[in-house]
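Reader: Got a model here that I'd like to walk through. Can you take me over it, one piece at a time?
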Amino acid sequence: MYADGCAPCTYFISVLETDGPKFAAALEQHAKQYDVEILNLQRAEQLIPAADNNGLVGIRLANGALLESKTVILSSGARWREVNVPGEKDYRNKGVAYRSHCDGPLFKGKRVAVIGGGNSGVEAVIGLAGLVGHVTLIEFGEQLRADAVLVSKLKSLPKFVFHTQVQTTEITGADGKVNGLSYTDRASGAAGTSSSKAG
Ligand SMILES: Cc1cc2nc3c(=O)[nH]c(=O)nc-3n(C[C@H](O)[C@H](O)[C@H](O)COP(=O)(O)OP(=O)(O)OC[C@H]3O[C@@H](n4cnc5c(N)ncnc54)[C@H](O)[C@@H]3O)c2cc1C
């Protein structure tokens, strides 16, 4: 996606604007209202199956301590998947973004490309469509992998095109900002480009 910068934390219903540390501190205060024990600065290093730990799941911490429980909920976060092409790292936060919900407003009226036609990519396009000037969706496989209901909604959008069987090869830029991307059509082998400028 093309973007000019990174937005502060602004997308949470009922919170007009805040920042990460403030928001996390408020969440911690809220959690403390309940019967919850919080162990900060502890790293879980090993998950031991109940069958190997007297019927209770074990969590081995980096400091050697063992926690035991009937149930363990894993919520260690997710990471965005990088495209791993030249230009991606150079233009991160200068046109390359990974969070369409948060960063979408930065692209108001602009031409953007979304890489990936699974549920996340198609939802990103649907969300961006009412905001940006034009969206190009680029999918590596032969068809979009998103759910049919999302693909149907996608195809009803006016300012949008998609390419399948296309491999992104480079994110290009000038003057410190993204200006487009290069790709190869995997069926024909032909090279192509998508520009952030109209035309
Ligand atoms: C710059 C930025 C701005 C954002 N702005 C918004 C916004 O405005 N609105 C919005 O809704 N979302 C925003 N998001 C997205 C939001 O932060 C995430 O969706 C949300 O934090 C995901 O929560 P999580 O609990 O799944 O994962 P995380 O918040 O990643 O929490 C996972 C936690 O698990 C801990 N952990 C991982 N491994 C271990 C281990 N082995 N042992 C112990 N602890 C471990 C990590 O230290 C971390 O504290 C933003 C994200 C970023 C990066």
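Reader: What do β4, helix α3 and β5 make?
Author: They make a right-handed β-α-β unit, with α3 covering residues 119-129. Right-handed here means that, with the strands pointing away from the viewer, the path from the first strand over the helix to the second runs clockwise. Helices (H or I, at least four residues) and strands (E, at least two) are DSSP runs, numbered from the N terminus.

Reader: Predicted or experimental, and what are the cut-offs?
Author: This is a predicted model: local features need pLDDT of at least 70, side-chain atom pairs count only at pLDDT 80 or more, and totals for chains, interfaces and linings use all residues. Residues are numbered from 1 along each chain as its sequence is written.

Reader: In which sense do β4 and β5 pair?
Author: In the parallel sense, over five bridges, with β5 at residues 134-138. Two strands pair if DSSP finds at least two bridges between them. Within this pair, A113 stands opposite T136 in β5.

Reader: Is β4 enclosed or in the open?
Author: Four of the five residues of β4 (residues 111-115) are buried, so the strand is largely enclosed by the rest of the structure. A residue is buried if 20 or more other C-beta atoms lie within 10 Å of its own, exposed if 12 or fewer, and partly exposed in between, with C-beta atoms placed from the backbone.

Reader: What does β1 pair with?
Author: With β2 (residues 57-61), in the antiparallel sense over four bridges. Q46 has R60 of β2 as its bridge partner, and L47 has I59.

Reader: What is the strand order in that sheet?
Author: The order is β1-β2-β3, an open sheet of three strands with antiparallel pairing. β1 and β3 (66-69) stand at the edges with a single partner strand each, so one side of each is left without a neighbour in the sheet. Neighbouring strands are turned by 20 degrees against each other on average, direction ignored. The axes behind that angle are lines fitted to C-alpha atoms, for helices over the stretch in contact, and angles run from 0 to 180 degrees between N-to-C directions.

Reader: Where does Q42 lie?
Author: In the loop between α1 and β1. Q42 is partly exposed, with 13 other C-beta atoms within 10 Å. Leaving out residues up to four places away in sequence, Q42 touches L61 and N63; contact means that the C-beta atoms, placed from the backbone, lie within 7 Å.

Reader: Back to α1, then. Buried or in the open?
Author: The number of buried residues among its twelve is zero, so α1 lies largely in the open. The end C-alpha atoms of α1 (residues 20-31) are 16 Å apart, which agrees with the 16 Å they should span at 1.5 Å a residue. The expected span is 1.5 Å times one less than the number of residues.

Reader: What about the whole chain: how many helices and strands?
Author: Four helices and nine strands. The radius of gyration is 22 Å, well over the 16 Å that the globule rule gives for 199 residues, so the chain is more spread out than a compact globule. That radius is taken over C-alpha atoms, and the rule is 2.2 Å times the number of residues to the power 0.38.

Reader: What share of the residues count as buried?
Author: 22% of the 199 residues.

Definitions and conventions. Two residues are in contact if their C-beta atoms, placed from the backbone, lie within 7 Å.
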